[in-house]
Amino acid sequence: MHILTDDVITVFNEMKVRKLQANEDEKKKRKKAVLFCLSEDKKHIILEEGQEILTGDVDDCRYALYDATYETKETKKEDLVFIFWAPDGAPLKSKMIYASSKDAIKKKFTGIKHEWQVNGLEDIKDRRTLADKLGGSSVVTLEGSPI
């Protein structure tokens, strides 16, 4: 049986108990998603470092790199996809800064064939949307999820 670390319990309790009187700043820092994994010795369940999404992050722009494994009628493929998350509700200034910086980061990511701008969760709910971006057809299956 795996033992949960104190950090995992703490994060769970933080996510479970929501302050009724939380101010806007506190709400933005609330964790929306956290990833857990097994420790190297496989005895503990730990927080995966840096793998969390805060509620405030969902409403601001981000860049992401997604390793997509998918199938077409002909073959199985793996490609890195550069994702520009620019939700409709993000501040205009943030959208402008991220959009203008996008080329600089893409130049460093040599060999990226696919770019996907996502403007809301609706865009990523259906995996076929990404499959279409990758040049597949409706028979394309993806392993994993972009968010």
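Aromatic pairs number 4 in this structure, which is a predicted model. In one of them, the ring centres of Y63 and F84 lie 5.9 Å apart with their planes at 40 degrees, so this pair counts as tilted.

**Aromatic rings**

- Y63 has a relative accessibility of 25% and therefore counts as partly exposed, whereas F84, at 3% relative accessibility, counts as buried.
- Y63 also forms a tilted aromatic pair with Y98, with 4.9 Å from centre to centre and 50 degrees between the planes.
- Because Y63 lies in strand β4 and Y98 in helix α4 (residues 92–108), this second pair ties together parts that are 35 residues apart in sequence.
- Through ring pairs, Y63, F82, F84, Y98 and F109 are linked into a cluster.

**Nonpolar core**

- The largest nonpolar core consists of 11 residues, namely V58, Y66, A68, Y70, V81, I83, W85, W116, V118, L130 and L134.
- At least two residues of this core come from each of the strands β4 (62–71), β5 (76–85) and β6 (114–118).

**The loop residue S39**

- S39 sits in the loop that runs between β2 (31–38) and β3 (44–54), and with a relative accessibility of 10% it counts as buried, since the cut-off for that term is under 20%.
- The side chain of S39 reaches the backbone nitrogen of K43 at 3.5 Å.
- Leaving aside residues up to four places away in sequence, S39 touches H44 and I46.

How values were computed: Residues are numbered from 1 along each chain as its sequence is written. This is a predicted model: local features need pLDDT of at least 70, side-chain atom pairs count only at pLDDT 80 or more; totals for chains, interfaces and linings use all residues. Side-chain values use heavy atoms; hydrogens and water are left out. A nonpolar core is a set of buried Ala, Val, Leu, Ile, Met, Phe, Trp, Tyr and Cys residues joined through side-chain atoms within 4.5 Å. Buried means under 20% relative accessible area, exposed over 50%, partly exposed in between (1.4 Å probe, protein chains only). Helices (H or I, at least four residues) and strands (E, at least two) are DSSP runs, numbered from the N terminus. A polar contact is a pair of N or O atoms within 3.5 Å; within protein, one must be able to donate a hydrogen and the other to accept it, and residues adjacent in sequence count only if both atoms are side-chain atoms. Contact means heavy atoms within 4.5 Å. Rings of Phe, Tyr and Trp (its six-membered ring) pair if their centres lie within 6.5 Å; planes under 30 degrees apart count as stacked, over 60 as edge-to-face and the rest as tilted.
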